[in-house]
Amino acid sequence: MTLDGTDDPTEEHEPKPGGRSYLPAASTEPPPAGVKAGPVPRGQVAGKEKVQPYITTAVAEAARNAVVATTPYEGGYQSLSDLIEDAIVEKVAKLQRTFNEGNPFPERPRRRIRTGRPLGR
């Protein structure tokens, strides 16, 4: 059984050949006018964005255990960030197949996604 409670044997659970999989690469074009390109500020990683979702303690511990257990192996994970990014890439691809005929979802309006506790719960 997977962490999401399913036993779907059609889901891919093996690492992709050659290691990690990615969403389409970020544009290599220069930044738009008014956006400065330069050194990455301390505590940030070039081309990456920090996100901080809340997940259950059990899922977080299972993910950490998976990273530690797979680090020594080819195709294993070197960091929790790598594991989480791959998991999101796989889930988004599945959602695209299920809900959008395998195509990328349209770009959302430039507003923040609601955060915090859901209403009515």
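Predicted model: local features only at pLDDT ≥ 70, side-chain atom pairs only at ≥ 80, totals over all residues.
**Length of H2**
- H2 has 20 residues, which at 1.5 Å a residue should span 28 Å. Its end C-alpha atoms are 28 Å apart, so the two figures agree.

**The buried side**
- Asp-82, Leu-83, Asp-86, Val-89 and Gln-96 are the buried residues of H2.
- Look down the helix axis and those buried residues fall within an arc of 160°, so they line one face of H2.
- As background, an α-helix has 3.6 residues a turn, so residues three or four places apart point the same way.
- What do the buried residues of H2 pack against? Their partner is helix H1, residues 57-70.

**The other side**
- Ser-81, Thr-98 and Phe-99 are exposed, on the other side of H2.
- Leu-80, Ile-84 and Ile-88 make a nonpolar surface patch of about 230 Å².
- Ile-84 has a relative accessible area of 40%, so this residue is partly exposed; patch members need over 30%.

- Gln-96 belongs to H2 and has 14% relative accessibility. Buried means under 20%, so Gln-96 counts as buried.
- Setting aside neighbours within four places in sequence, Gln-96 is in contact with Glu-101, Gly-102, Asn-103, Pro-104 and Phe-105.

Definitions and conventions: Residues numbered from 1 in each chain as written. Heavy atoms only, no water. Patch = residues over 30% accessible without salt bridge, like charges linked within 9 Å, V, L, I, M, F, W, Y side chains within 5 Å. Areas by Shrake-Rupley, 256 points an atom, 1.4 Å probe, with all protein chains shown as cover. Salt bridge = Lys/Arg side-chain N within 4 Å of Asp/Glu carboxyl O. Buried < 20%, exposed > 50% of the residue type's maximum accessible area, 1.4 Å probe, protein only. Helix = DSSP H or I, 4+ residues; strand = E, 2+ residues; numbered from the N terminus. Expected span 1.5 Å × (residues − 1). Arc of directions from axis to C-beta. Contact = heavy atoms within 4.5 Å.
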